[in-house]
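Subject: Structure for your files

Hello,

Please find the structure below. My notes on what was found in it come after.

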Amino acid sequence: EAAYLPALLCHGGEDRLVPFRHGLSAYKRLSSLGMAVKFRGFRGEGHALSHAMQEEVKAFVSYCLPPRLLGVRSVKDIETLSASDLKDWLQGLGIETGGCKRRSELASL
């Protein structure tokens, strides 16, 4: 069931596209439904996958899933990915990353 799936919400404190309060609201709502959800706010970050967020995602994924299920030999394989490669890799696993924008995509907003 979905309630047993861990979820990570990362949100930039200076996000001008999606207000920070919406990230908090989503976290509170999912928590109230019994989901195992973790929320991490990032002071000074906008609506992009920052290095700090990337590190948080890597730690979360490697904590929740053993390397063999991720298609890698070890957690080190994940830790060496760039933000762009991490997004592509997550999408390849079928993980939704639609809300994550690359810096090049932000220029057109």
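This is a predicted model: local features need pLDDT of at least 70, side-chain atom pairs count only at pLDDT 80 or more; totals for chains, interfaces and linings use all residues.

Residues are numbered from 1 along each chain as its sequence is written, and side-chain values use heavy atoms, with hydrogens and water left out.

Overall make-up

The protein has six helices and two strands, which follow one another from the N terminus as β-α-β-α-α-α-α-α. Helices (H or I, at least four residues) and strands (E, at least two) are DSSP runs, numbered from the N terminus. Of the 109 residues in the protein, 26% are buried. Here buried means under 20% relative accessible area, exposed over 50%, and partly exposed in between, with a 1.4 Å probe and protein chains only. Among contacts with a separation of 6 or more, 56% come from residues 24 or more positions apart; a contact means heavy atoms within 4.5 Å.

Salt bridges

The whole structure holds three salt bridges, each being a side-chain nitrogen of Lys or Arg within 4 Å of a carboxyl oxygen of Asp or Glu.

Glu56 pairs with Lys38 at 2.7 Å, N to O. This links distant parts of the chain, since Glu56 lies in helix 2 (residues 51-64) and Lys38 in strand 2 (residues 37-42), 18 residues apart. Glu56 is buried, at 13% relative accessible area, whereas Lys38 is partly exposed at 37%.

Glu56 also forms a salt bridge with Arg40, with the closest N and O atoms 3.0 Å apart. Again distant parts of the chain are linked, from helix 2 to strand 2, with Glu56 and Arg40 16 residues apart. Arg40 is partly exposed, with a relative accessible area of 30%.

The remaining salt bridge is between Lys58 and Glu55, at 3.5 Å from N to O. Both residues sit in helix 2, and because they are three residues apart, about one helical turn separates them. In general, an α-helix has 3.6 residues a turn, so residues three or four places apart point the same way. Lys58 is buried, with a relative accessible area of 4%, and Glu55 is partly exposed at 33%. Through shared partners, salt bridges join Lys38, Arg40 and Glu56 into one network.

Which residues of helix 5 (residues 83-92) are buried? They are Leu86, Lys87, Trp89 and Leu90. Viewed down the axis of helix 5, these buried residues fall within an arc of 165°, so they line one face of the helix; the arc is that of the directions from the helix axis to the C-beta atoms. Gly94 follows helix 5 and has a positive phi, near 85°.

Helix 2 and helix 5 pack with their axes 10 Å apart, at an angle of about 40°. Axes are lines fitted to C-alpha atoms, for helices over the stretch in contact, and angles run from 0 to 180 degrees between N-to-C directions. Helix 2 and helix 5 are therefore oblique to each other: angles under 35 degrees count as roughly parallel, over 145 as roughly antiparallel, 65 to 115 as roughly perpendicular and the rest as oblique. Gln54, Val57, Lys58 and Val61 of helix 2 make the contact with Ala83, Leu86, Trp89 and Leu90 of helix 5.

Regards
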